[in-house]
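Please keep the structure open beside the text while reading.

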Amino acid sequence: MFEIVPPGTRIDFLGRRHIALVVSLALLAAGMVAAFWKPGLKFGIDFAGGTEVAVRFDPGTDVDEKRLRELASLCGVLDDPVSVVRYGETERPEFLLRFNRVADGAAAAEECPVDAADVARLEEVSAASNPTGEGEIDVVDLLTLAMAGAVGPPEILRVEYVGPRVGDELRRDGLAAMAYAVLFILIYITFRFSTRFAPGAVVALVHDILITAGILVMLGVEFDLRVLAALLAIIGYSLNDTIIIYDRIRENMELRTKFDLEDVLNRSVNQTLSRTLLTSVSTLSALLCLLVVGGEVIRPFALAMSIGIVVGTYSSTFIAAPTLLFLEQSLGDGHGGSGAKAGSGKKARKKAA
Amino acid sequence: MSGLRWKLSAAIGAVLLFGFLTVSNFASEEQRLASPLLPDGGLRLGLDLRGGIHWVLGVDLEEAEVQELGFWADTLRSAPDDGAEFRVSEVRVTDGTLRVSVPSESDAEALDRWVAPSGALDAVGEGGGTERVFRLSDLSAEDARRRGMDQVLEVLRRRIADPVRGIPDSVVTRQGQDRVLVQIPGGQIDRSRARELLAVTGHLQFKIVQGAGESVELLSAEYPDGLPEGTEIASEIDKESGRALTAYLLPEQPDLTGDYLKDARVGFDTRQRPIVEFQFNTEGARRFAELTEANVGNQLAIVLDETVYSAPTIRSRIGARGQIEGRFTSQEAADLAVVLRSGSLPIPVEIEEERTVGPALGKDSIDRGLRASLLGLGVIVLFVLGYYRLSGGYASLALAANLLLLLGIMSMFEATLTLPGIAGIVLTVGMAVDANVIIFERIREELRNGKLPRGAIATGFSKAYWTIMDANITTLITAIVLFEFGTGPIKGFAVTLSIGIVTSVFAALVLTRLMFALHPGTRTVETLSI
């Protein structure tokens with residue numbers, strides 16, 4: 001029988017809680033610095049609004065970021081410099097263009113190297129869309145024509161546009177979703193674990209979200225809907241390990257009427273250590289597959305989620321139990337807590353056992 | 001043992017049923033229709049996997065109110081002719097209000113009496129003496145917005161999602177108060193043509209030509225003192241070069257509009273060039289006949305959205321049918337026919353959000369998603385087999401069953417699978433094993449504490465029960481929140497994650513348990529392979 005954590009392992013996690021505190025605070029601080037100073041919290045177009053175009057060219061096309069940047073500037077993109085990133089590893093060059101501000105009406109087409117007839121056609125379409133006759137030429141269409149003429153036939157992989165109103169709404173909804181998720185989980189935990197355990201779980205939860213977000217900012221990952229989905233999933237998932245440990249703490253508390261809390265906590269964390277590690281490893285290995293072969297579109301999600309799981313495992317081992325100890329020591333008597341106090345979840349558990 | 005047998009048959013039945021639903025997704029359309037066994041529907045692919053256009057259009061409902069005010073302005077202007085007891089000097093629409101000037105105070109009082117019963121206009125305080133200021137009552141503003149939204153939806157449906165003549169599988173639905181969701185699955189129409197369908201407001205007008213010139217400049221030069229009152233200049237535009245051809249002097253007010261059209265379709269002229277043939281309804285035919293009869297020898301300009309398409313000379317009285325020639329390609333003619341048929345878009349719409357995925361990327365995403373799922377599955381199966389041996393085999397079987405259940409349930413509800421949805425499945429694969437790990441580790445612990453296999457298994461499952469429930473319920477909570485707040489493809493993640501959580505719990509707590517119950521050697525420690 002192979003075991004990653006040999007039976008009888010007794011690591012003094014609680015004794016090292018100060019180190020853990022320093023590590024967590026350092027990570028939090030680094031995250032804050034990254035978010036508010038450098039490199040700064042960056043939003044993807046979902047939240048910031050703007051246009052994103054992913055384009056692919058035939059193999060051997062003579063094209064680079066600079067060329068596309070020039071073309072975009074000529075064809076009505078006002079951002080300076082235009083964000084153009086080459087990505088993907090295939091021999092067919094792939095680029096992601098991103099911009100926020102575009103020129104109005106015919107001004108977009110003035111310097112763009114495309115046929116006047118094509119411009120007229122686009123103009124007609126856009127003018128007709130607006131009763132005042134002053135429609136904006138669709139810059140993506142214009143740019144596609146320009147690329148076809150000046151570089152080589154482009155294959156438009158993806159066009160995403162988020163208008164200012166939608167961006168605001170998505171940002172607001174995203175924050176609301178996070179808040180609701182935390183709130184509902186708080187309610188559930190209070191319901192299931194008694195007020196004694198709930199604060200520790202919530203501290204671990206908030207810890208995981210903040211640190212994961214901080215690391216993502218440090219890595220320069222842009223926040224968009226995919227990252228939001230990952231953060232929400234982390235809110236749900238990071239509790240898994242904490243719940244395993246708390247369940248064991250409660251069980252151990254119920255065994256005896258008199259115990260040393262720190263000893264119980266340490267024992268519980270050690271007893272569940274293999275479980276904590278193995279569940280994280282299994283989920284993490286699936287996510288790493290997604291990260292490696294899942295492709296460009298899903299990568300931010302897989303990355304955010306992977307980081308979240310590592311942070312969640314760390315926090316349930318090093319943060320959740322010490323928080324419980326801290327709260328007990330500062331609020332209660334610290335020692336001699338009896339199993340009888342363990343709370344409302346106990347009945348259900350007894351029945352289950 | 002009969003209880004066990006019953007449970008076992010139920011579990012196997014469920015897995016087989018959902019497994020069948022999962023597998024039937026691979027059947028082709030013809031096979032589905034031909035076979036009485038295969039379900040008609042099944043798993044749908046999201047636009048991010050299929051490729052396609054996803055638009056959220058904002059509808060400017062303020063404009064609907066402005067138009068309603070405009071309608072009242074016209075009604076008031078013509079009211080004296082229609083027998084109202086007041087005279088009107090001026091009617092203006094400004095800043096969402098309707099300002100009416102009348103010659104005398106007695107006219108103003110008569111106006112008040114005329115307006116009051118309709119309940120559509122509320123008097124605003126500012127007016128007095130011989131001026132009255134109105135705005136739309138809340139009720140009629142609400143009504144105008146509702147009608148505007150209904151019309152926009154109706155027109156877009158006819159243009160895009162018509163079951164017979166629209167783009168197959170496309171969807172036009174209302175979203176929220178003032179938005180329309182348009183989804184056009186991939187490969188059927190390119191982005192700029194689809195945009196054209198939205199853009200063209202389809203405002204068809206017929207005007208008698210009052211003058212013509214080679215260009216706008218030359219024509220305006222003929223009127224050094226400004227254009228005659230009530231006229232404007234519009235150009236015919238060459239579709240191929242985009243150059244303006246002849247410029248025409250036309251009345252501002254149309255002599256007849258496309259509102260009277262009954263049908264429009266593509267036809268061909270004598271030289272086999274595509275044209276658009278249209279047909280008026282009875283009222284339209286009567287008016288068209290009157291108009292053409294009175295103007296034989298004159299040119300009739302056919303104006304669509306401010307552009308002159310053609311200006312044929314009227315040779316004789318024309319009744320219900322006519323045609324538009326405009327050097328169209330067949331595609332353009334077909335598009336124009338759609339637009340004419342669907343009527344005009346009463347309120348302009350604006351693209352507020354777009355998620356368009358080309359077919360190449362969609363296919364790429366399916367490939368990569370599938371590869372990631374299979375790789376993830378493989379890694380996890382190796383991991384549990386290596387670590388838990390035979391019990392790991394049970395967990396792997398349970399995992400396979402879990403996936404069949406997940407995809408089968410999604411097929412049953414005809415749910416949409418998106419790329420984030422695939423990520424949710426991969427995550428489910430990872431998390432499903434968590435539950436088994438929790439159970440197996442507990443069983444190992446019980447064995448170490450000296451329990452016999454049978455007892456260790458029973459304790460392991462029962463002690464792990466609530467831990468697994470808690471862990472999964474918290475994740476389910478966030479999945480449901482995400483479903484409520486998420487949009488587009490992200491919703492697909494919430495869907496697969498939620499269903500995956502339910503099937504995982506079932507697989508771990510019911511299926512794995514059943515397998516242990518069937519395990520032939522649960523009596524001795526040596527034979528319990530965990």
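Helix 6 of chain A and helix 11 (residues 320-331) of chain A pack with their axes 8 Å apart and at an angle of about 135 degrees, where axes are lines fitted to C-alpha atoms, for helices over the stretch in contact, and angles run from 0 to 180 degrees between N-to-C directions. That angle makes helix 6 of chain A oblique to helix 11 of chain A; angles under 35 degrees count as roughly parallel, over 145 as roughly antiparallel, 65 to 115 as roughly perpendicular and the rest as oblique. The contact is formed by Phe197(A), Pro199(A), Gly200(A), Ala201(A), Val203(A) and Ala204(A) from helix 6 of chain A, together with Ala320(A), Thr323(A), Leu324(A) and Leu327(A) from helix 11 of chain A, two residues being in contact if their C-beta atoms, placed from the backbone, lie within 7 Å. Sorted by class, this contact of helix 6 of chain A with helix 11 of chain A has eight nonpolar, two polar and no charged residues; Ala, Val, Leu, Ile, Met, Phe, Trp, Tyr, Cys and Pro count as nonpolar, Asp, Glu, Lys and Arg as charged, and the others, Gly among them, as polar.

This is a predicted model, in which local features need pLDDT of at least 70 and side-chain atom pairs count only at pLDDT 80 or more, while totals for chains, interfaces and linings use all residues. Residues are numbered from 1 along each chain as its sequence is written, and chains are lettered from A and ligands numbered from 1 in the order in which they are written. Helices (H or I, at least four residues) and strands (E, at least two) are DSSP runs, numbered from the N terminus.

The two chains also meet: 70 residues of chain A are in contact with 72 residues of chain B. At least two residues of the side of chain A that touches chain B are supplied by each of several elements, among them helix 4 (116-128), strand 4 (155-162), helix 6 (164-218) and helix 7 (225-255) of chain A. Helix 7 of chain A gives the largest share of that side, 13 residues. By class, the residues of the side of chain A that touches chain B are 43 nonpolar, 14 polar and 13 charged.

| Strand | Partner strand | Bridges |
|---|---|---|
| strand 4 of chain A | strand 19 (residues 349-357) of chain B | five bridges |
| strand 2 (residues 52-59) of chain B | strand 19 of chain B | six bridges |
| strand 14 of chain B | strand 15 (residues 274-280) of chain B | seven bridges |

Within these pairs, Glu160(A) stands opposite Arg355(B) in strand 19 of chain B, Trp55(B) stands opposite Glu354(B) in strand 19 of chain B, and Asp263(B) stands opposite Gln279(B) in strand 15 of chain B.

Some backbone details remain. The peptide bond from Lys38(A) to Pro39(A) is cis, with omega near -5 degrees, and Pro39(A) is placed in the loop between helix 1 (17-36) and helix 2 (45-48) of chain A. The peptide bond from Asp80(A) to Pro81(A) is likewise cis, with omega near -5 degrees, and Pro81(A) is found in the loop between helix 3 (65-74) and strand 2 of chain A.

Note on methods. Pairing = 2+ DSSP bridges.
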